[in-house]
Amino acid sequence: MNMESLKKKLIEYNQEHLLKFWDQLSDKERENLYQDISELDLADVTSYFVNAVHASSSMQNMLDDKVTPIPKENIASLKITDKEQLRVYEKLGLQEIADGKVAVLLMAGGQGTRLGVSYPKGMYNVGLPSGKSLFQLQAERILRLQNMAKKECGKDGEIKWYILTSEATHETTVSFLQKHNYFDLKEKNVKAFKQGMLPCFTLDGKIILDKKYKISKAPDGNGGLYRALKVQGILDDMKHHGIHSVHVHSVDNILIKVADPIFIGYCLSSCTDCGVKVIEKSSPNESVGVVCKVDGIYKVVEYSEISKETAELRSDDGQLIYNAANICNHYFTVDFLHNVAINHEKEMELHAAKKKIPYIDANGNRIEPKSPNGFKIEKFVFDVFEFAKQLSVWEGIREEDFSPLKNADSVGQDCPSTARNDVLKIHKKWLLNAGATSVANDVEISPLLSYAGENLNHMMGLSLEGPCVLE
């Protein structure tokens, strides 16, 4: 251990407090702390703090005079696109799958803390008749799509499934998938990889100690994806397998149309390198980010960054002008991901979130603070829109595309009950559309049977009682 060099570096970046308890540590603990500090690029992480805090304080200014809506020619909607055109998009998407050029990148770094569980959110079971977890539902949608693409195009294309985990969820996620035999996906097509970690800071820029011998760290946000793709060799893997189109989404949307062939087909036909799926805001004050332009550059603007008056603006047809709710559902080409990871990752905006972060006080006691005492620094996945040559926006339908699982049932929204009900509601609609005479409220359709309401003609004339699962 070269302590002189380490101390010198810490003094240079005003972080010498990290060695305050050095004399009280065992040899093993000293080794841990030395390793922890040595792994930090102090020039980088301290500049991250300065930049993130500066960006966050400048974000206090309202953006009303800088925002403009998405240009009409850059947005299309499922609701007003005719069936023939939708079929063209779907065939393009299925052909891309059949050609083996599609990957799904699932962002699954979050634990189910707000749901009241300590395991990864993807393992959560909302209480559907099948008892399937989010991971299983999403894996089975991939299997169904592969079958649809084979039937449509006569080729056995396979979808690669990349799963972005975090320090907290990686091991549990991998063993869960192994235990369930990857839900019948081929093991070689499933690859989990970890997002990076960044140190937590006090409000005045000191790196926080979580233990006397351990730095407090937090995941670098879903925007840490781009660095992880490069560092963990995932970009190389994608290129090696000839992937062209990547569908990126978060784990907690139970209605997610994984690798949606219509969305992919629309992006392919638009020759876009970056696509975003949105839904219509439910009301002007819904707490969601909105895709729009800020000073001519595509951004996601948080609801708190524009005034109530701007949020309520409507066009002549009565539609909200700022209506494109961001639902963390993206299309990227591999070339775009490569360009971001190699050339633009360090230019990405940084966000400082004030949090309650446990810390070691001056006397060496570990304190659980009652109010926010520090910053976690993170990047957001959508902060790469500005690097796109061509960005296209596809508007889906809330009831078919979005039901997030964030809270415990006691909250009453975005919770297991609403997620379960939204799945069963759309399955009932599919069955009635297919000609079933009556359907109970607890009839579930396996994703292996139907991806989006197709393949249900044999239900015509049937009366379906629940709880049951149609396999």
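The lining of the second largest pocket comprises 17 nonpolar, eight polar and 15 charged residues, where Ala, Val, Leu, Ile, Met, Phe, Trp, Tyr, Cys and Pro count as nonpolar, Asp, Glu, Lys and Arg as charged, and the others, Gly among them, as polar. The structure is a predicted model, in which local features need pLDDT of at least 70 and side-chain atom pairs count only at pLDDT 80 or more, whereas totals for chains, interfaces and linings use all residues. Residues are numbered from 1 along each chain as its sequence is written, and side-chain values use heavy atoms, with hydrogens and water left out.

The second largest pocket holds about 1000 Å³ of space and is lined by 40 residues, of which Glu90, Ile262, Ala452, Gly453 and Glu454 lie nearest its centre. A pocket is here an open set of points on a 1 Å grid over the protein atoms alone, where a 1.4 Å probe fits, with protein on both sides within 12 Å along at least five of seven lines, and lining residues have an atom within 4 Å of a point. At least two lining residues come from each of α4 (83-98), α5 (134-153), α9 (261-269), α12 (398-401) and α13 (416-433), helices being DSSP runs (H or I, at least four residues) and strands likewise (E, at least two), numbered from the N terminus.

For α4 and α9, the packing angle is about 95° and the axes lie 7 Å apart, which makes α4 roughly perpendicular to α9. Among the contacting residues are Tyr89 and Glu90 of α4 and Ile262 and Tyr266 of α9; by class, this contact has nine nonpolar, three polar and two charged residues. In the loop between α9 and β12 (274-280), Cys271 has a positive phi of about 50°, although it is not a glycine.

The structure holds 28 salt bridges, each a side-chain nitrogen of Lys or Arg within 4 Å of a carboxyl oxygen of Asp or Glu. One of them joins Glu158 to Lys186, with the closest N and O atoms 2.3 Å apart.

Key. Points joined across faces, edges and corners; volume = space filled by probe spheres on them. Axes fitted to C-alpha atoms, helices over the stretch in contact; angles between N-to-C directions. Parallel < 35°, antiparallel > 145°, perpendicular 65-115°, else oblique. Contact = heavy atoms within 4.5 Å.
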